[in-house]
Amino acid sequence: MRLKENPLTTAPYDDSPPRHALTVLGAGVMGVGITVLALGHGLPVHLVDVDRERLDRAADLIDGELRLAELMGALPAGTPLGALETGTSLKAAAGATAVVEAVTENAAIKAAVLSEVSGLVRPGTLLITNTSSIPVDELAGALERPEELVGTHFMNPPYLIGTAEVVRGARTGDHAMAAVAALLTALRRRAVTVRDAPGFVTSRILHPMINDAARVVEEGTATAEDVDALMQGCLGHPTGPLRTADLIGIDNLVDSLTVLHERTGDEGCRPAELLLRLVREGRLGRKSGRGFYDYT
Amino acid sequence: MSTPDTHTLEKELLEFLEGRTGTAWDADTDLFDAGGLSSLFAMQVVVHLEKTYAIAVRGADLRLDNFRTVRRMAELVARLQAPAGGQHG
Ligand SMILES: NC(=O)c1ccc[n+]([C@@H]2O[C@H](COP(=O)([O-])OP(=O)(O)OC[C@H]3O[C@@H](n4cnc5c(N)ncnc54)[C@H](O)[C@@H]3O)[C@@H](O)[C@H]2O)c1
């Protein structure tokens, strides 16, 4: 373990940065959850979003979710919370030991953000994308140093789910792999490392399954409640696929399915009409108060 | 000194839970064991108790064990509502 750094000797690009200091990009469902995980483990976080309102809302959501994490005994006892800062400028990334990108699931947006960040951080800084489905190597192409990018697919909510899927892209370097392992250890997450591919393992399996569950409802075979009751009661799914859709956010699910469909050609990944309709109606799941279920 | 009536509290809490979950519960049933309610719902219950009974659940009190059954919730609310130190009782 490193001693606490002396602020008087700290200069930009100093090679003894604080142990971990995260910049999280995107203050949506996952940006908030990852921030809660980090703060709860004592790591400082700078949370960035283009939308000022999102950041204001995120501060309240973070307080609530920190309490949820505490309620569930998910935080290490006796660890003081990390300090939170928020802002709309990516420049904060210059001071980070790791940057976690959790912006909208859109390859062009992610490439633009990662490319800009790559020009701001000190060389050697770990860059993580939390993409659900976009191949890491596709995004790495936008970076100044593609070897710094690793995929880490945190699940929602990250502070209650102990395992994270780590994706090594074709150009990901050993240094980045070691850095992500150290970070996940500090966050007490178990890492399972897999090869790069559209949707990796978890989204490739889960998202078409949820899509099918939506089709079953669309075709009138069963209600959402009954689909979930069967998947829970007979097949041991912890929450049911449609409650999971509401937890993920149906807009994000549609984006991820679209990424998968475009890159695999698998028709099972073409977003179901019912999902598209829910998005048009603003029924995005828990985050908007209503999706397959009503949370208001 | 007025001790909050835990029996009334339990009744109110059971009505609240039935309204929210569409299921009738017993005061002693573990609400969160396998097949029961979710952790996200647990947090909604905490917020509901704080708002309804003007209490703040903090520190060591904020743990699922205090909310597992309606009886335990009522005990917690009664304890947090009781005036601290008893000087004004
Ligand atoms: N929701 C889940 O359950 C889940 C799980 C694992 C991974 N993911 C992935 O995590 C990422 C984020 O998902 P989410 O559900 O939090 O989405 P979200 O829609 O809730 O939030 C995305 C946020 O990104 C912000 N944003 C957009 N462009 C930006 C930019 N250029 N700079 C900074 N912020 C920007 C938006 O304002 C928004 O607040 C996606 O890649 C998603 O696929 C989601």
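User: What makes a stretch of chain B count as a helix, and which residue follows α2(B)?

Analyst: Helices (H or I, at least four residues) and strands (E, at least two) are DSSP runs, numbered from the N terminus. After α2(B) comes Ala54(B), with a positive phi near 50 degrees. This is a predicted model, in which local features need pLDDT of at least 70, side-chain atom pairs count only at pLDDT 80 or more, and totals for chains, interfaces and linings use all residues. Residues are numbered from 1 along each chain as its sequence is written, chains are lettered from A, and side-chain values use heavy atoms, with hydrogens and water left out.

User: How do you know that the span of helix α2 of chain B agrees with its number of residues?

Analyst: The expected span is 1.5 Å times one less than the number of residues; for the 15 residues of α2 (residues 39-53) this gives 21 Å, and the end C-alpha atoms are 21 Å apart, so the two agree.

User: Which residues of α2(B) are called buried, and what do they pack against?

Analyst: Buried means under 20% relative accessible area, exposed over 50%, and partly exposed in between (1.4 Å probe, protein chains only). Among the buried residues are Phe41(B), Met43(B), Leu49(B) and Tyr53(B). The buried residues of α2(B) pack, by contact (heavy atoms within 4.5 Å), against α2 (52-71) of chain A and against α1 (6-21) and α3 (70-81) of chain B.

User: Why is chain A called as compact as a globular protein of its length?

Analyst: Chain A has 10 helices and eight strands. Its radius of gyration is 19 Å, close to the 19 Å that the globule rule gives for 296 residues, so chain A is as compact as a globular protein of that length; the radius is taken over C-alpha atoms, and the rule is 2.2 Å times the number of residues to the power 0.38. Buried residues make up 49% of chain A.
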